[in-house]
Amino acid sequence: MLTAAACSFAAWLVVAGCSDGPSIDAPGAPTNALRITTAGTALSTSESGGRVTVSVALDAAPSEPVIVPVSSSDATEGSVSPATISFTAEDWSTPREITVTGVDDAESDGDRIFRVRFGPSVSADPACDGLVAESADITNTDDDGPRTAAIVVSGPSGILAERGAPVTFTVLLASQPSAPVTIALRVSDTTESTLSHAGVTFTEANWNAAQTVTLSSVDDWVADGAQPVRVVFDAPVSEDPAYAALAAPAALELSNLDDDVGGGYQLRTTHTESDAPLYVAHSYYHAMITHLDDRANNQVPADFQWRVVPGLANPEDPTLVSFESVGFGGRYLHVDSANSTRYPLQDETSNRADGLWQTPPEERSHLLWIDAFTDTTTFRRDATFRIVPALNGDPTMVSLQWYSDATRHLRRLNYQIYAHALDGTAVKNAEASFALEPLGYLISQRADPHIKRHTDGYYYFTASVPTYDRIEIRRATTIRGLASATPKVVWTKHATGPMAAHIWAPELHFIDGKWYIYFAAGSSTDIWAIRMYALESSSANPMDGSWLERGQIVTDSDTFALDATTFEHDGKRYLVWAQEDPGVAGDNSSLFIAAMVNPWTLVSPNVRIARPEHAWETAGFAVNEGAAVLERNGRVFISYSASATDARYCLGLLTASATDDLLSASSWKKSENPVFASANGLYGPGHNSFTTSADGSIDLLVYHARNYEKITGDPLYDPNRHTRVQRLEWNADGTPNFGVPLLNGANTMGD
């Protein structure tokens with residue numbers, strides 16, 4: 001159970017019609033956080049309609065409304081009603097009742113265990129956002145004949161995630177055996193998770209006592225997305241013939257959700273006396289400790305970027321890592337044990353930071369350098385470190401044990417780092433603790449990103465999938481959470497005809513109580529016959545339910561058209577899109593606007609508000625596309641992408657007064673120069689969208705970019721346009737200041 005400091009759940013389970021009885025703590029719950037009251041009976045439902053009632057309340061008043069999803073861990077055994085409850089500042093203390101009803105499966109499968117899940121909650125009050133609570137095990141009693149030999153495995157108790165709480169499940173037998181029954185179990189990938197038990201054994205005495213098995217995530221420090229995890233059971237071993245004849249229970253299927261954001265890490269040390277954080281930097285091929293903003297000493301952002309890779313000495317051990325410089329590929333943090341006399345020749349006064357070379361002479365053979373990879377056993381060992389719990393006790397930090405000598409840990413001393421044999425003092429333990437701070441892109445290989453924050457408290461993410469064959473949605477309560485959220489495919493391309501190729505740039509919008517996805521697609525007979533289409537869903541959660549194809553969005557000209565986006569202004573809905581203008585030879589696409597009758601039908605005329613005319617809009621291709629709308633400060637801004645989709649891709653800006661006629665081309669003024677272009681080792685930034693921080697105080701720019709300039713083949717089919725997010729600033733005159741692409745842009749988001 002996860003609780004915030006000022007807000008948490010209290011939950012009671014009572015048999016329907018009863019409310020008195022002894023108190024029993026739920027397994028694994030903190031004291032007094034989850035209370036279960038029964039009337040002297042087991043917590044159970046039955047396939048014949050038996051029910052229990054769950055009462056849920058908050059233990060403190062929220063400052064904003066709180067929405068709590070409710071679900072069953074196994075909907076084939078128990079259902080819940082309602083599926084959502086909510087609390088406000090006025091009624092938070094009034095318990096909400098959930099009815100849990102047994103489901104009849106018409107199978108003689110014995111009594112089955114499930115749980116009722118609450119959360120994660122959604123609220124603008126940070127103390128009440130993301131709360132999770134669970135009921136204790138509930139047994140759904142089988143009504144399909146006498147109990148036979150069976151193994152009962154409950155569903156997992158929660159979500160498996162790196163740095164998340166462990167997940168549990170239970171195992172028990174459906175009938176009393178005549179001899180002990182042993183069931184071995186294992187995980188499919190020990191680099192992603194570990195089990196507390198290698199097996200469970202039941203006897204005639206404990207056969208119906210559920211045994212709890214804990215599944216723990218392994219944090220691999222690699223931005224590898226959600227990885228599948230299977231808990232695999234062997235067939236039972238027993239001298240009881242009925243159990244010996246049983247097949248292995250079905251495997252539990254989970255995903256280990258990633259907590260890493262791509263693009264590398266910064267290595268932060270503990271704070272100095274001035275409370276200003278220091279970071280590990282690449283400095284003339286030795287590791288230096290300095291401030292991020294150290295431009296006076298010629299430090300650039302790339303100097304602070306480290307790619308965490310599997311340990312060079314033993315890549316199979318998930319606790320071992322090596323650190324490769326992002327700015328200087330092929331060079332690794334390395335303690336040079338083979339060269340004990342290696343030491344800079346400069347004297348202290350010639351160095352660019354006071355005290356840089358104050359490492360004790362006896363420790364100078366253990367200094368940390370940045371060296372080019374050498375394929376030797378010694379180099380691999382000296383450049384490998386074991387991640388262990390932080391010696392300063394900070395759970396957000398780690399310590400780095402040197403693989404070549406396990407008695408030594410990396411420690412900062414003044415402005416240097418060396419592998420040191422610690423004496424256990426608090427000061428040295430603090431100096432040997434580091435924070436690995438992820439930075440860089442948010443989501444790998446997702447171009448044309450669109451992030452929408454909805455009123456339900458979730459961020460929803462859509463983008464072009466590199467295979468251009470599907471539309472997927474992911475959601476999370478934070479923007480960073482989108483990086484590890486499991487995507488749900490909600491629509492796939494047709495086999496033939498329209499909507500059968502080049503599924504591009506999906507955008508998700510909520511209009512008049514329904515969800516709509518706008519996207520572009522080609523035909524199976526002509527993959528470049530790109531047109532715009534719309535899907536509709538009535539589900540409260542766009543990741544659930546079905547999608548109705550509303551068909552092509554028909555424009556005044558039947559030509560190449562894509563990148564639809566929509567917005568409402570002064571009670572009127574508009575669509576903005578890119579389309580080839582048949583009246584202008586040589587242009588690939590211009591920007592158009594039109595009013596809408598409904599979310600999939602336009603009103604004529606369609607008005608062209610921009611065409612590619614500047615050199616920065618016509619590099620490679622004459623393109624204006626990928627519009628995104630932002631209304632602020634009495635104006636309507638439309639950013640758009642220009643030129644070919646390689647390193648020349650960039651953003652332009654259109655501006656209109658909020659009081660002007662938006663359907664008049666003369667209302668829109670174009671920037672003379674791009675407002676966002678390649679910089680800082682990021683290339684082709686474009687096709688953006690806008691969103692905000694959870695509290696609405698920070699405007700955010702969402703875009704894609706590559707981290708290399710040279711592309712082999714058509715850039716449209718190079719998959720490495722990654723989704724990035726960074727803060728959007730504002731000029732004194734009320735216009736947006738896009739700035740430049742930042743390698744550590746994700747660290748400016750504020751969430």
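Analyst: Strand β36 and strand β37 (residues 459-464) run antiparallel and are joined by 5 bridges. This is a predicted model. Within the pairing, alanine 447 stands opposite serine 464 in β37. The hairpin of β36 and β37 has 5 residues between the strands. There, glycine 457 takes a positive phi near 90 degrees. β36 is mostly covered, with 5 of its 7 residues buried.

Aromatic residues come next. Tyr458 and Tyr460 belong to one aromatic cluster together with Phe510 and Trp515. Tyrosine 458 also meets a charge: the charged end of arginine 475 sits over its ring, 3.7 Å from the centre.

β36 (447-453) is among the elements that give two or more residues to the lining of the second largest pocket. This pocket has a volume of about 660 Å³. Its lining counts 26 residues, and the closest to the centre are Lys452, His509, Thr566, Val629 and Phe690. Besides β36, the elements with two or more lining residues are β40 (501-511), β44 (561-569), β49 (624-632) and β53 (683-692). β49 gives the most, with 6 residues. By type, the lining divides into 10 nonpolar, 8 polar and 8 charged residues.

Start with β49. An open sheet of 4 strands has the order β49-β50-β51-β52, with antiparallel pairing. β49 and β52 (669-670) are the edge strands, each pairing on one side only. Inside the sheet, β50 (residues 635-642) and β51 (residues 650-657) run antiparallel, joined by 8 bridges. Serine 641 stands opposite leucine 651 in β51.

Take β40 next. The loop between β39 (488-492) and β40 holds methionine 499. Phi of methionine 499 is near 55 degrees, a positive value in a residue other than glycine. Methionine 499 has a relative accessible area of 7%, so it is buried.

Histidine 687 is placed in strand β53. Its phi is positive, about 40 degrees, although histidine 687 is not a glycine. The relative accessibility of histidine 687 is 4%, and therefore it counts as buried. Most residues other than glycine have a negative phi, and most peptide bonds are trans.

The bond from serine 604 to proline 605 is cis, with omega near 0 degrees. Proline 605 lies in the loop between β47 (601-602) and β48 (607-610). A cis bond also runs from serine 81 to proline 82, again with omega near 0 degrees. Proline 82 is in the loop between β7 (78-81) and β8 (84-87).

Back to aromatic contacts, now across the model. The count comes to 21 aromatic pairs. In one of them, phenylalanine 169 and phenylalanine 233 have ring centres 6.1 Å apart and planes at 80 degrees, so the pair is edge-to-face. This pair links distant parts of the chain, 64 residues apart. Phenylalanine 169 is in strand β16 (residues 167-173), and phenylalanine 233 is in strand β21 (residues 227-233). With a relative accessible area of 1%, phenylalanine 169 is buried. Phenylalanine 233 also counts as buried, at 6% relative accessibility.

Phenylalanine 738 counts as buried because its relative accessibility is 3%, under the 20% limit. Phenylalanine 738 and alanine 677 are 61 residues apart in sequence. In space, C-alpha to C-alpha, phenylalanine 738 and alanine 677 are 9.5 Å apart.

Definitions and conventions: Residues numbered from 1 in each chain as written. Predicted model: local features only at pLDDT ≥ 70, side-chain atom pairs only at ≥ 80, totals over all residues. Heavy atoms only, no water. 1 Å grid on protein atoms, 1.4 Å probe; cavity = no way out; pocket = protein on both sides within 12 Å on 5 of 7 lines; lining within 4 Å. Points joined across faces, edges and corners; volume = space filled by probe spheres on them. Nonpolar A, V, L, I, M, F, W, Y, C, P; charged D, E, K, R; others polar. Pairing = 2+ DSSP bridges. Phe/Tyr/Trp six-rings, centres within 6.5 Å; stacked < 30°, edge-to-face > 60°. Buried < 20%, exposed > 50% of the residue type's maximum accessible area, 1.4 Å probe, protein only. Lys NZ or Arg CZ within 6 Å of the ring centre and 35° of its normal.
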